[in-house]
Amino acid sequence: MINRVHHIGIAVNNLKESVALFEKLLGVKAHIQGAPCQKVTEARFKIGGEVEIDLLEPMGPDSAVAKFLEKRGEGLHHIALEVEDINGELRTMEKMGFQLIDKEGRDGVAGQIGFLHPKSVSGVLVELVQPRKKGSA
Ligand code: MC0
């Protein structure tokens, strides 16, 4: 079951410039952190205590986000949906005909994550997130 939209990921060329732009747009400050597991530096904006908007700048040319920027330019990179059981949900999605990038959850910033291929979801890269339990590392 999908609980909610967890975050929206936007690929940007210059994090500093885009953070200034989005801080002006949203009226909230960004929390900036490295996510070496996905080879990006991200700026997270919490809006209304619910959905986050995450700006993603590649850490290097071998990042998936660098390839995306090169091919398609800045813009919507992915939508992340929160689930309770990542592995169960990935199995269900596969049975429903979605193409999995990850057969099993792997470590991400917010918890266990797994991706569905954009070619099977109307051109949108979808990330499933099973958030880390509060208090665990
Ligand atoms: C690529 N394509 C996309 C896309 N990335 N379409 C929509 N949204 C995206 N984000 C399209 C390309 O334009 C191309 O279409 C086709 O998919 C194949 O792309 P490619 O450039 O040849 O690249 P591949 O096949 O090597 O890899 C694409 C794939 C990959 C989505 C499988 O990027 C991947 O595994 N992504 C999941 C991991 C990820 O993106 N991590 C970074 C963000 P055409 O029509 O030209 O064939 S995750 C993150 O930041 C963390 C911190 C988080 O949110 O938790």
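A pocket is defined, on a 1 Å grid over the protein atoms alone, as an open set of points where a 1.4 Å probe fits, with protein on both sides within 12 Å along at least five of seven lines; its lining residues have an atom within 4 Å of a point. Volumes correspond to the space filled by probe spheres set on the points, which are joined across faces, edges and corners. The model is predicted, so that local features need pLDDT of at least 70 and side-chain atom pairs count only at pLDDT 80 or more, whereas totals for chains, interfaces and linings use all residues. Residues are numbered from 1 along each chain as its sequence is written, and side-chain values use heavy atoms, with hydrogens and water left out.

The second largest pocket has a volume of about 260 Å³. Its lining comprises 13 residues, of which Arg 4, His 6, Lys 46, Pro 131 and Lys 134 lie nearest the centre. This lining divides into nine charged, two polar and two nonpolar residues (nonpolar: Ala, Val, Leu, Ile, Met, Phe, Trp, Tyr, Cys and Pro; charged: Asp, Glu, Lys and Arg; polar: the others, Gly among them). At least two lining residues are supplied by each of β1 and β3, helices (H or I, at least four residues) and strands (E, at least two) being DSSP runs numbered from the N terminus.

The largest pocket holds about 830 Å³ of space and is lined by 34 residues, with Ala 64, His 77, His 78, Phe 115 and Leu 125 nearest its centre. Of the lining residues, 16 are nonpolar, 10 charged and eight polar. The largest share, six residues, comes from α2.

The ligand sits in the largest pocket, a placement that requires more than half of its atoms to lie within 2 Å of the grid points. Elements giving two or more residues to the shell around the ligand are β3 (40-46), α2 (64-72), β5 (75-83) and β8 (125-131). Among the 23 residues around the ligand (a heavy atom within 4 Å), Gln 38, Lys 67, Arg 72, His 77 and Lys 119 come nearest. The shell contains 11 nonpolar, six polar and six charged residues, and α2 contributes the most to it, with six residues.

A polar side-chain atom of Gln 38 lies 2.7 Å from a ligand nitrogen atom. Taken alone, the ligand exposes 1,000 Å², of which the protein buries 76% (Shrake-Rupley method, 1.4 Å probe).

Definitions and conventions
A polar contact is a pair of N or O atoms within 3.5 Å; within protein, one must be able to donate a hydrogen and the other to accept it, and residues adjacent in sequence count only if both atoms are side-chain atoms.
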